[in-house]
Amino acid sequence: DPDLWTKFKGLTTALGCDFATCIKPGIENRGHRMIKTIGCVAADVECYTTFAALFHPVIQKWHGSTEATQHTIDLEPNHLVDAVVNPGAVEVVRVRLGRNFEGLPFAPGMELSHRQECERLITRALMAIGVQGRYYPLRGSTTYLPKPRGMTEIDEQMLLSLPGSLMFIDPDSPVALSSGLANDWPDGRGIFLLTDQKTAVWVNEEEHIKE
């Protein structure tokens, strides 16, 4: 709907995120009839309400939902179903959890100061609750004072060699770049690796925190 630009072009959220940031991936990437993707991103949580006329129809079409659809949450572990797995056919099982902090923009709307604050909050919180591990800021990052140049090349190769791909690298897809996922790279980003070397917490990869 071309009228949406006229309606929203002057609006920003409380955190300063605007409509242009939200539609930038779709403007810069025309897409392909064989590749299904979404051409808009929320720069912060308020975008979903401030620019609801854009996001609600997109969400409904993508998920096949309606305005009346209620998202259900089931956190009861007894509802998990046991699955029979052939040990000879499985080498790695990956479980991921991504979350974002209240009061900070999402990755498309973040500035360097936001990424630094996110990095500070996560590293301090993990250390404060006694999580056993070590934080590796990405090589070349200048935002983590204990490691002002980021991890070493040896550290990077160690993370890359671990089972389960516990290292992440800079995004290179056109949609990711248009979404701002590479802004300020590599500053404010890193991996908190637990001592068992089986669990890692990613800082500012896409979500603020991903485990």
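1. Start with helix α5, residues 112–128, in this predicted model.

2. Which residues of α5 are buried? They are His114, Arg115, Cys118, Glu119, Ile122, Thr123 and Leu126. Look down the axis of α5 and these buried residues fall within an arc of 155°, which means they line one face of the helix. Turn to the face pointing away from that buried side and you'll find the exposed residues Arg124 and Ala128.

3. What do the buried residues of α5 pack against? Their partners are the strands β2 (133–137), β3 (190–194), β4 (200–203) and β5 (209–210). After α5 comes glycine 130, and its phi is positive, near 85°.

4. Now for some backbone details worth a look. As a rule, most residues other than glycine have a negative phi, and most peptide bonds are trans. Against that background, check the bond joining tryptophan 185 and proline 186: it is a cis peptide bond, with omega at about 5°. Proline 186 belongs to the loop between α7 (174–178) and β3.

5. Glutamine 197 has a positive phi, near 55°, although the residue is not a glycine. You'll find glutamine 197 in the loop between β3 and β4. Is glutamine 197 buried, exposed or partly exposed? Its relative accessible area is 36%, so glutamine 197 counts as partly exposed, the range between 20% and 50%.

6. Asparagine 204 is another residue other than glycine with a positive phi, here near 60°. Asparagine 204 sits in the loop between β4 and β5. With a relative accessible area of 2%, asparagine 204 is buried, since the cut-off for that label is under 20%.

7. Last, the largest pocket, which has a volume of about 700 Å³. It is lined by 21 residues, and the closest to its centre are Cys40, Val41, Ala42, Tyr48 and Glu207. Two elements give two or more residues to this lining: α4 (52–63) and α7. Of the elements, α4 gives the most, with five residues.

8. What is the lining of the largest pocket like by class? There are 15 nonpolar residues in the lining, along with four polar and two charged ones.

Conventions: Residues are numbered from 1 along each chain as its sequence is written. This is a predicted model: local features need pLDDT of at least 70, side-chain atom pairs count only at pLDDT 80 or more; totals for chains, interfaces and linings use all residues. Side-chain values use heavy atoms; hydrogens and water are left out. Helices (H or I, at least four residues) and strands (E, at least two) are DSSP runs, numbered from the N terminus. The expected span of a helix is 1.5 Å times one less than its number of residues. Buried means under 20% relative accessible area, exposed over 50%, partly exposed in between (1.4 Å probe, protein chains only). The arc is that of the directions from the helix axis to the C-beta atoms. Contact means heavy atoms within 4.5 Å. On a 1 Å grid over the protein atoms alone, a cavity is a set of points where a 1.4 Å probe fits but cannot get out, and a pocket is an open set with protein on both sides within 12 Å along at least five of seven lines; lining residues have an atom within 4 Å of a point. Grid points are joined across faces, edges and corners, and a volume is the space filled by probe spheres set on the points. Ala, Val, Leu, Ile, Met, Phe, Trp, Tyr, Cys and Pro count as nonpolar, Asp, Glu, Lys and Arg as charged, and the others, Gly among them, as polar.
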